[in-house]
Amino acid sequence: MAEGAVPAEHVAGYVESLVDACVTGRRLTRDELESRRAHGTRAAEAGLALRGLIRDHLAAAREIQPRLPAGATGSLLFALEQAVDAFSEGYERAQHQAVRQAEAGRREFVDDLLYGGSDLGRLAERAERFGLRLSQDHAVAVAQGPEPYGDGYPVARGIEESVLARFGNRQILLTTKDGRLICVVPGDQPDVLAFFAKQAYAATGGGRVGIGRSHQGAGGIVHSYEEALNSLDLAERMGLEGPVHHAADLLVYPVLTRDRQAMADLVESVLGPLRNGRGGAQPFLDTLTAYFDSGCVATEAARRLSLSVRALTYRLERIRTLTGADPADPVNRYTLQTAAIGARLLGWPGEVAA
């Protein structure tokens, strides 16, 4: 194309409309404006840069200016403004539509990836576009904060920018799901998950992060994602300290609740008599929890409960009297501790202490 030439497919009818508008002093018609919008849409779909297209419109206007009647400059500028505005509107409309379609495709892919709801061959093919190779092992981290987060939220965008700035050459998928932040990485890159957890904790104002174990294939991603979610749930129910919870460190809890009915029977049989104590079972359950979590050190348990050592000792004695099991006795300790863990997992006793 010669210098100054204009690509005819994107200015078809444009020059004629400008000349006629300048000669007659009229505005561009509705059909002419709609034609400009349509050309803008097609240009965007073809992947052409808007700056160059606007420059072509201006060049065409300069070429016809010498042929216009004297004093028509004002009409030319006005018609040019209308034409460029309509063309840009069509261009931007097409871009917005493309973004919406890309976002919808990404959300559909994330749903299929995390819930395993798609043909594996097609899923693997789509995963390549998002930088994942499903034949590898992957691990998933899930972060949640005091409020839900979605794609485009400043928090989610800031974390994504920080992670990609540091590990941009890695195969990383960062997204949101159900108000949580999700990070999927190859299983041999725990440093990425650790960095993501640190950034998420800082950005969410004290949120928590659950990290699943590494598993192979598309099903492995689903498994790791579920482990990460379960880690967050366990951390909340068990009152676990710390912002980051690894599924590998919490495997004992799913084992304990695998037979839920058996655990419920154990809890009720061992701890049920505590309901007969003053204030109900909850204060005694809190006492057992603090006592075992502090390594059966009475002074530390008392500090955690904001009690005097004498008051704590009295509660432990009442537990021994009511249940017939002594928390200080090694033979009874395992049964009481297992029952106390089960109670927290099951939400027992489900009452508010007086």
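**Exercise 1. Find how strand S2 and its neighbour S3 are joined in this predicted model.**

Solution. Begin with the bridges: 5 of them join strand S2 (residues 173–177) to S3, and the two strands run antiparallel. Next, look for a facing pair: Thr-175 stands opposite Ile-182 in S3. Then look at the link. S2 and S3 form a hairpin with 2 residues between them. In that turn, Asp-178 has a positive phi of about 55°.

**Exercise 2. Find the strand that pairs with S3 over 6 bridges.**

Solution. Strand S1 (residues 137–144) pairs with S3 in the antiparallel sense over 6 bridges. A position to check is Ala-139, which stands opposite Val-185 in S3.

**Exercise 3. Decide how far S2 and S3 are enclosed, and sort the side chains of S2 by direction.**

Solution. Take S3 (residues 180–186): 6 of its 7 residues are buried, so this strand is largely enclosed by the rest of the structure. For S2, the count is 5 of 5 residues buried, so S2 too is largely enclosed by the rest of the structure. Now sort the side chains. In a regular strand they alternate between the two faces of the sheet. In S2, Leu-173, Thr-175 and Lys-177 point one way. Leu-174 and Thr-176 point the other way, and all of these residues are buried.

**Exercise 4. Describe the largest nonpolar core and name the element that gives the most to it.**

Solution. The largest nonpolar core has 33 residues. Those with the most contacts inside this core are Tyr-253, Leu-271, Leu-274, Leu-288, Leu-336, Leu-345 and Trp-348. The elements giving two or more residues to the core include helix H8 (217–238), helix H10 (260–271) and helix H14 (330–346). Helix H11 (281–293) is also one of them, and H11 gives the most, with 7 residues.

Notes:
Residues numbered from 1 in each chain as written. Predicted model: local features only at pLDDT ≥ 70, side-chain atom pairs only at ≥ 80, totals over all residues. Heavy atoms only, no water. Buried < 20%, exposed > 50% of the residue type's maximum accessible area, 1.4 Å probe, protein only. Helix = DSSP H or I, 4+ residues; strand = E, 2+ residues; numbered from the N terminus. Pairing = 2+ DSSP bridges. Core = buried A, V, L, I, M, F, W, Y, C linked by side-chain atoms within 4.5 Å.
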